[in-house]
Amino acid sequence: MSKYKAIIDLGIDLSRGSVTQFSAEEANATLRKAILDAIDCTDGVFNYKKYRRNKLAAFEIMEEILDVRLEEGIKNQFDSFVDYRSVKFGDSLKFRRENPDLFEIATIAGGTNNLRRQRLSDTAFTIETGWKGVKIYEELERFLAGQVDWVAMINKVERSFTSEIAGDIYAAIKAAYSGLSAPYYETGSWDIDAFNDVVSHVEAATGMSAIVIGTKKAIQKAEPKYVTAGLDVNQRNQDGYFKTIDGTTFGVIPQAHIPGTDTFAIDDDFLLILPNGDEKIIKFIMEGETLIKEVNGQDNADDSQEYVVRKKYGAAVAASTKYGVYILS
């Protein structure tokens with residue numbers, strides 16, 4: 001257990017909004033002071049020489065806070081369709097998926113055992129991971145004056161990585177449905193009967209009820225055949241969409257921007273129809289911990305201080321999972 005556990009816990013609680021004894025501003029100030037204390041600046045005033053001597057403590061705290069925040073953020077945002085796993089550096093995780101096809105039952109005469117053999121089979125695959133990183137810098141004068149806001153740095157790095165990971169997960173979703181064909185693929189304007197056909201095929205193939213996900217704009221296009229003028233309409237206005245249509249549950253994929261732009265990351269024209277069970281269509285692997293490295297300021301012509309923050313992860317589709325898609329025009 002890290003000797004900085006209390007500080008790390010405070011940083012995590014801040015992201016959860018579960019710090020009740022302080023206001024948000026007071027909690028941030030408490031975390032800033034705790035980081036300063038960890039680098040021996042116990043009087044609350046930043047001292048460069050003490051920082052230089054004890055900076056690894058600050059990095060350890062920020063690395064552990066980022067690890068937990070990123071993990072929880074991903075799980076909370078994508079829990080309905082992303083299977084999140086964490087492994088150590090150098091380890092790989094093999095996913096196994098049982099073949100969903102049923103055995104063929106033959107018509108035979110009594111006493112006959114001459115049947116074609118069939119065996120249990122499954123598909124195994126691993127997720128390829130790769131490094132993602134960001135380099136941050138600060139002017140030397142501001143750094144020496146103690147004007148680096150460590151809490152703001154943690155918060156912004158976390159949001160930046162979460163946004164990038166969301167884009168990678170959305171790309172995996174698009175890859176998931178782009179290779180589908182009938183009867184698990186339907187396109188055109190909204191048609192309740194065509195939609196129910198795809199749902200029925202997914203349920204028949206998996207033996208599970210279906211759940212439908214899409215962006216709010218996408219699922220707003222889905223409407224039931226019969227609507228009660230009062231209750232149904234009021235509920236739809238409250239939620240922004242029909243949560244249940246013909247017994248099938250709908251859920252929202254949170255929209256995001258492509259990092260560095262104001263362009264939406266995920267298309268608003270598809271409904272993904274998934275078996276509502278333990279098996280999730282997207283597999284996400286976080287390999288190892290967050291790594292923070294300081295670049296020696298003397299290496300830069302302007303003496304600016306640089307930090308590189310890196311994570312290693314990967315996302316892919318469980319290709320053997322039976323699912324469907326409705327592309328709305």
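Predicted model: local features only at pLDDT ≥ 70, side-chain atom pairs only at ≥ 80, totals over all residues.
Let's begin with the core. In soluble globular proteins, nonpolar side chains tend to be buried together. Here the largest nonpolar core has 34 residues. If you want to click on a few, Ile7, Leu31, Ile35, Ile61, Met62 and Trp150 are the ones with the most contacts inside it. Which elements build this core? At least two residues each come from α1 (5-16), α2, α3, α5 and β11 (305-317). The biggest giver is α3, with nine residues.

Keep α5 in mind, and let's move to a pocket. Rolling a probe the size of a water molecule over the atoms shows where empty space is left. The second largest pocket in this model has a volume of about 230 Å³. Which element gives the largest share of its lining? That's α5, with five residues. At least two lining residues come from α5, and at least two come from β4 (130-138). Going through the lining, you'll find Val134, Ile136, Tyr137 and Glu138, then Val148, Asp149, Ala152 and Met153, and finally Lys156, Val157 and Ser160.

Now for the rings. How many aromatic pairs does the structure hold? Ten. Take Phe46 and Tyr51: their ring centres are 5.7 Å apart and their planes meet at 45 degrees, so we call this pair tilted. Phe46 and Tyr51 are both buried. Tyr51 pairs with Tyr48 too, and that one is also tilted, at 6.2 Å centre to centre with 40 degrees between the planes. Why are Tyr48 and Tyr51 about one helical turn apart? Because they sit three residues apart in helix α3.

Tyr51 is at 1% relative accessibility, which means it counts as buried, since the cut-off is under 20%. Tyr48 has a relative accessible area of 27%, and that makes it partly exposed.

There is also a cluster, in which ring pairs link Trp190, Phe195, Phe250 and Tyr326. And one more thing about rings: Arg310 lies over the face of Trp131, 5.3 Å from the ring centre.

In space, its C-alpha is 5.6 Å from the C-alpha of Thr187, even though Thr187 and Tyr326 are 139 residues apart in sequence. Thr187 sits in strand β5, and at 46% relative accessibility it is partly exposed. There's another pair like that to look up: Lys216 and Ile253 are 37 residues apart along the chain, with 7.1 Å between their C-alpha atoms. Lys216 belongs to helix α7, residues 216-219. Its relative accessible area is 41%, so Lys216 is partly exposed.

Last topic: the backbone. Most residues other than glycine have a negative phi, and most peptide bonds are trans. Let's look at some exceptions. Where is the cis peptide bond I want to show you? It joins Ala182 and Pro183, with omega at about 5 degrees. Pro183 lies in the loop between α5 (150-178) and β5 (185-188).

Then come two aspartates. Asp40 isn't a glycine, yet its phi is positive, near 75 degrees. You'll find Asp40 in the loop that runs between α2 (24-38) and α3 (48-78). Is Asp40 buried or partly exposed? Partly exposed, because its relative accessibility is 34%. The other one is Asp246, whose phi is also positive, at about 50 degrees. Asp246 sits in the loop between β7 (244-245) and β8 (248-252). With a relative accessible area of 48%, Asp246 counts as partly exposed too.

Then follow α5 along the second largest pocket. Finish at the cis bond between Ala182 and Pro183. Thanks, everyone!

Definitions and conventions: Residues numbered from 1 in each chain as written. Heavy atoms only, no water. Helix = DSSP H or I, 4+ residues; strand = E, 2+ residues; numbered from the N terminus. Buried < 20%, exposed > 50% of the residue type's maximum accessible area, 1.4 Å probe, protein only. 1 Å grid on protein atoms, 1.4 Å probe; cavity = no way out; pocket = protein on both sides within 12 Å on 5 of 7 lines; lining within 4 Å. Points joined across faces, edges and corners; volume = space filled by probe spheres on them. Phe/Tyr/Trp six-rings, centres within 6.5 Å; stacked < 30°, edge-to-face > 60°. Lys NZ or Arg CZ within 6 Å of the ring centre and 35° of its normal. Core = buried A, V, L, I, M, F, W, Y, C linked by side-chain atoms within 4.5 Å.
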